[in-house]
Amino acid sequence: MAEDLVLYDIPQANQDRAWSPNTLKARYALRLKRVPFRTIWVEFTDIEDICKKIGATPTGVWPDGRAMYTLPVLQDPRNNTVISDSYAIAEYLDATYTNTPPLIPSGTAGLHAALLSAVTQTAFMPMTQVFLPLIPGLLSPSSAAYYRRTREQMLNLENLDDFCPANKRGEMLDNVRRNFSIVAGWYAKSGPGPQEFLMGGTHACWADVVVAAFLTATKWIFGEQSDEWRFIQTWDGQRWERMLTAFEMLGVDE
């Protein structure tokens, strides 16, 4: 019997539940491709050591020039393959598991890259500014301290909380709402009807995975019962809430 693939992910404090938009992309991709996998949970403070141990490649560079190791990482024990970065994981799954619809249909890689760049600039980056100071509150004490210190260095901040002061959160979130409406307009061009997925029909493509993963992360970072998430659920005629429901109906949830 073949061994399951292994996904390396970052836990919330006191519970093994994915919350990172990047690792959720890989998790959703695996489930859409119907690939069995198990999770190894890794604290922020251990990511570099674990990645080096299993032979994962760095995905970036820290401001001081050191190699940056990040999650998700996918390990395929059948052929000793280790893949860093969620997009590379999606490419690997499409190439390896051809009996399910592709995440990145043939001929759409360039379109995906252009669209996701636009979505990131338009919607994801403004939303990230709003919720970034809340992320340490999800994490264990060691990971929270690491996350706060490294993000303050990357963003040249004395205090991560200054990235979005609590008394400005509502105003900034309302501005983000307008940006998400632009993305909703792009989805609306897919055709008549609800069109929960970008390319229409019942199959989610990689762009949908990225958007759904980001929305799920947003839900957990703000809190499922928070005023912020309840507000987001109403946006664009509840389009984003419907999208997450559509993913759940495909058997793809966190």
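Reader: In which element is the place of T122?

Author: Residues are numbered from 1 along each chain as its sequence is written, and this is a predicted model, in which local features need pLDDT of at least 70, side-chain atom pairs count only at pLDDT 80 or more, and totals for chains, interfaces and linings use all residues. Side-chain values use heavy atoms, with hydrogens and water left out. Helices (H or I, at least four residues) and strands (E, at least two) are DSSP runs, numbered from the N terminus. On that basis, T122 belongs to helix α4.

Reader: Is T122 buried or exposed?

Author: A residue is buried under 20% relative accessible area, exposed over 50% and partly exposed in between, with a 1.4 Å probe and protein chains only. The relative accessible area of T122 is 18%, so T122 counts as buried.

Reader: Which residues is T122 in contact with, and which backbone oxygen lies 2.8 Å from a polar atom of its side chain?

Author: Contact means heavy atoms within 4.5 Å; leaving aside neighbours within four places in sequence, T122 is in contact with N179, I182, V183 and W186. A polar contact is a pair of N or O atoms within 3.5 Å; within protein, one must be able to donate a hydrogen and the other to accept it, and residues adjacent in sequence count only if both atoms are side-chain atoms. The backbone oxygen at 2.8 Å from the side chain of T122 is that of A118.

Reader: Which backbone nitrogen lies 3.3 Å from a polar atom of the side chain of H112?

Author: H112 is also found in helix α4, and H112 is buried because its relative accessible area is 4%. Not counting residues up to four places away in sequence, H112 touches L103, I104, P105, C205, W206 and A207. The backbone nitrogen at 3.3 Å from the side chain of H112 belongs to A207.

Reader: What is the relative accessible area of L160?

Author: L160 is in the loop between α5 and α6 (169–188). Among the residues it touches, apart from those up to four places away in sequence, are L132, P133, Y147 and R151. L160 is buried, since its relative accessible area is 0%.

Reader: How far apart are the C-alpha centres of domain 1 and domain 2?

Author: The chain is divided into domain 1 (5–96) and domain 2 (108–250), with bounds from an automatic or database domain assignment. Between them, 23 residues of domain 1 are in contact with 25 residues of domain 2. Their C-alpha centres are separated by 20 Å.

Reader: Which element gives the largest share of the lining of the largest pocket?

Author: On a 1 Å grid over the protein atoms alone, a pocket is an open set of points where a 1.4 Å probe fits, with protein on both sides within 12 Å along at least five of seven lines, and lining residues have an atom within 4 Å of a point. The largest pocket has a volume of about 1200 Å³, and of its 39 lining residues the closest to its centre are S20, P21, N22, T70 and R151. Domain 1 and domain 2 each give at least three residues to the lining. The largest share, 7 residues, comes from α4.

Terms used. Points joined across faces, edges and corners; volume = space filled by probe spheres on them.
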